[in-house]
Amino acid sequence: MTTPTWDEPGGPMQLDEFRVATEAIMANIEHVIEGKHATVRLALAVMLAEGHLLIEDVPGVGKTKLAKALARSIDCSVRRIQFTPDLLPSDVTGVSVYNQEQRDFEFKPGAVFANLVVGDEINRASPKTQSALLECMEERQVTVDGTTYELQPPFMVIATQNPIEMEGTYPLPEAQRDRFTARIAMGYPDPRAELAMLGGHGAVDPLNALRAVADAAMVRRLIATVRAVHAADAVQQYAIALVTATREAPEIRLGASPRSTLQLVRTAKAVAALEGRDYVLPDDLQALAVPVLAHRIIPTTDAQLNRRTTDAIVAEIVHRLPLPHDRARSPYDTRQAGDNRGNTYDTRGR
Amino acid sequence: MTGRRRLGLVAATATLLAAAPLSVIFDSWVWLMQCILAVGLVAGAAVLTRTLRIPGWGQALAMVLTLLLVLTWMFPSGDEILGLIPGPDTFEHFGQLFGQAGEDTRNYGVPVPDRDALQFITVLGVGGCAIAVDLLTVGMRKPALAGLPMLAIYSVPVAIFVDSVPAVPFIVGAIGFLWLLVADNVDRVRRFGRRFTGDGRDVDVWEPSPLAAAGRRLAAVGVAAAVLLPLVVPGLTTGLLSRLTQVGTGGAGSGFGGGGNGRVNLFSSLSGSLTQSETKDMIQVTTNEEDPFYLRLAVADVVNAQGFANRTPTGQQVTRGLPDPRQTRRPGVQFAEYKASVKILDLTMAFAPIYSTPVATDELGAAWNFDPNTQVVFSTRTTTRDKEYSFDYVRANYRPEALRESQPVTDDTLRALTTVPKDAVVEQLVAGLIKGKETDYDKVMAIYNHFSRDNGFTYNLQTTSGTSGSEIAAFLQNKAGYCQQYAAAMAWMVRQAGIPARVAFGFTRGGDRDGNTWTITNRNAHAWTEVYFDGFGWVPFDATPVSGVVGSTRSAWAPDVDAPDPVESSSTTPTAPNATSSGGATDLERPDRNFDDPALAGGGGTGSSGGSTTALWIVGIAALLIALLLVPALRRSLTRRRRHAATVKELQPVTPLAATGATDITVTTETTQARADAHAAWDELIDTMIDYRVPIDPTETPRVTAQRLVREAELESQPAESATLLGRAEERARYARRPLQGGELTEALTHVRKGLSRSATRRTRLVATLMPPSVMLRWRLATGDASAVAMGFFSRIRESLVRFSPRRLLASRAR
């Protein structure tokens, strides 16, 4: 078996095979997280899109549980970092320690040297420690003392953070946030799922009973499959139009980055594949716009004062941006006139 | 207060300007002097009361009193205190003036001479208007309402002139009204505050502002449209009356050749007449008179620079009784009463042909009036088309000896009919002819006899048609012409001799006689002269050579000058109907043409088949309208058919989705075709949705659109599946590597359409079928695009032109 590389993670598989594999993973996770199909699927999609996931929600809704369930379902190296205020960058990346026997410095790999890294309460660490993740998340490598160490595919950081608690936390800097492909919220379970949880968790933690249903090699093949999903020109244009719209929206101070365009399309490919399609639909982009784009943008002070969340702003952009067509057609628009004239994007396509 | 005072003066001036259209009614300008005085004094009273800060009712009272004083002073009864303070007699006098005015309006045609009663009414009306305008403008600050009294003034000439009033007085009146509006608004702005520019400089009120410029442009466009539109729209100014009134006889040359639309253009162009070769039956007259004279239609009794013209007839409704000429019985005149009935076959005119002088009419109705002055029956509301009526008439037979008894006329109104523009040639000729003749009749006969073959007069169509002084002189020189010249020349010369004369129009009695019934064709149109003899009234003379006119007849008092025996000549023509109908080149045939100008004959032609052609027209127009209404539906169905043709195709097996690993899009003819099909089907679905008023949202993906369609239109099973299929097909055509192939898209479209129509209301269904909103929307968008392009084009042109504007230089210097 050849060593998997980032460019060629493995051979792609048929869509049927793909569906079986992914459904197994999702079913496995849903043993633990009940009634959160969409969230689980999105988490899986982010993994298959070679991205990193930021789970943000109030305490106690199962953020860590989702992260751990995802990690357990795949038979690969998993490391967990509990971010605390006194955590140091070297704890994350690794450190060179002097080996007395060999009389040389020896590199002790940090927590990031794994396929899955679960960073719990990431905003409790100081910015100094948080920024240790910057290199590895984007470039999938770690440079310590001038030596660069490659990370093995798949590599995914699943971080959780608590948005309510402000005391003793350090909000993630933009650069850090931009590296997370998607930010998802868990949300409260519905009463039925909560009841089932009470019955199950009372006796035994289902997490302990969780078995891996996939391994790293399989995940690599899954990723290769996702890469092969077709994104038509029109879809790519639409993705660009969406991202451009965030940059031009009057309520937004900092729009989404080009990296986000790439990740948006990648995630959309993963979602399409999870739905059994070999092509991306604008529907996928629309569904993913909020989780993928909302956490990257910074609203203006006015919008903040108006209590406009970034989610709402992005949702509105999605709602008012016309779909690009790859052919000329009459621009019927029976809605009230006015709002979608402002964007410079040619809505009639090329 | 200065603003209001100014506004009051403007109101007074505007009222006077608005009275400008009255100028077409009056002969002189005396009325205007009186009106200026009255309005000026009324305005003065208003200014005075306002200066004294007397409340509104006091101002009104003062103005009314002023007007009363002015009227008393201008039209005194003779019993006033100091000639100014009205007494009871004054009001009685005013009442008399009112009554007199009513009579005068009946008796005088426009332009009317200076009659006290009419001037009284005018001053009263204009003065009253001035009061109303002043109160509305200055008192109530509603200058727009002041347009109503001004309109009331304008409606007077409109009511008198049946068809149209000259444009210039209207423009003057409109300018007055607009000035009033502008003055009021300027005053408003001034009271609101001062305008100033950005650099703090004060702006004069009259300095151009964009808003004011827009207002001025609107006003100019409005007035121009009001003047020009009636010229463009047919039927508003093409009336016979207005034509003859404004253009006159001489001017009615070739200009009116073809436009008559059934109305006889009395003075016709000769060149056009020669092109007419057909004979059309126009009128059928049945009379118990053995030897009837001509059928009269209209009269031209005004002479202006262009020649003879008729004036607008005035008179009472025929149903209210007609004057009887026998009341003024004189020796030497024999009256015989006959009865005649007329059946109009093909003539559309505002004048009804009758034998003179009618004493009673039947079946004409209240729309027809009788003008006692010109003795014509006319209507301002209807035409003679397809009319059948009968009337009793009195035929007067004058003995020449009796006519010789007649004294020169003294009545002013009649004296007016003796005036002609000076023409040395005619003057000299007439002076020579009437030299030594004592009585009016002898003078007339001398002139009448001048038009004889011995003197070299011949009938000829190849002449100019004018009747102005120089043209009359030319005719007298050339001695060749047709009835128009003969009639006009004789009338002119008789007038020159100091005897009232006019030109009558109508038809000869026709050549086709069947018992008591005479059939009159377009070739019998004729003109002759009527001369007024005091005590006898208007006596007809026909100076046209008998040989030239079919159905010509002569009377005892005016025998045929060319024939040794007048009886013979008068009977020749009527008893020779064969000659009329047969010979194409006979002497009798030629005259037929003399009145057969295109307007007469051509117009008659359109009017003749009037009954059937109108129906055809109506049917045609209705068909055209229906066709126009069906255009959108047709367009829609054509589009649908085209798209269906694109989507109908042979079944192909659905290709499996397995495209894993393939990074390129499969491009084959089949897939290209399938993509095009899906797009066509989707476009059709969108159009169908628009037709059935399902909103379209361009931010929606095909999938969502299809889902929403199913949800909103409440589609069930089959249509719902079809909609989903269409959505999927379009989605795959747009975004997938391989489009959906083998889908029954046409069928799906039909299902969706059916489902939509089932859930739609009846009105929506109807509109979707007849006026598909998709087509209308497309057209509207196309229109919008086109107009945007045009706007852009014109603004570019304008910009490039502005570079040459000198104002630009001024503006840059000011900056």
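What share of the contacts in chain A with a separation of 6 or more is accounted for by residues 24 or more positions apart?

1. Basis of the note. This is a predicted model, in which local features need pLDDT of at least 70, side-chain atom pairs count only at pLDDT 80 or more, and totals for chains, interfaces and linings use all residues. Residues are numbered from 1 along each chain as its sequence is written, while chains are lettered from A and ligands numbered from 1 in the order in which they are written.

2. Chain A. The share is 78%, where two residues are in contact if their C-beta atoms, placed from the backbone, lie within 7 Å. Chain A contains 15 helices and 13 strands; these are DSSP runs numbered from the N terminus (helices H or I, at least four residues; strands E, at least two). Of its 350 residues, 44% are buried. A residue is buried if 20 or more other C-beta atoms lie within 10 Å of its own, exposed if 12 or fewer, and partly exposed in between, with C-beta atoms placed from the backbone.

3. Glu121(A). In the loop between β6 (116-120) and α5 (127-130) of chain A lies Glu121(A). Its phi is positive, near 50°, although the residue is not glycine. Glu121(A) counts as partly exposed because it has 19 C-beta neighbours inside 10 Å.

4. Arg693(B). Chain B places Arg693(B) in the loop between α22 (669-691) and α23 (702-712). This non-glycine residue has a positive phi of about 65°. Arg693(B) has 16 other C-beta atoms within 10 Å and is therefore partly exposed.

5. Helix α27 of chain B. The 30 residues of α27(B), residues 773-802, should span 44 Å at 1.5 Å a residue, and the end C-alpha atoms are 42 Å apart, which agrees. The expected span is 1.5 Å times one less than the number of residues. The helix is hardly covered, with 3 buried residues among its 30: Pro773(B), Ser774(B) and Val775(B).
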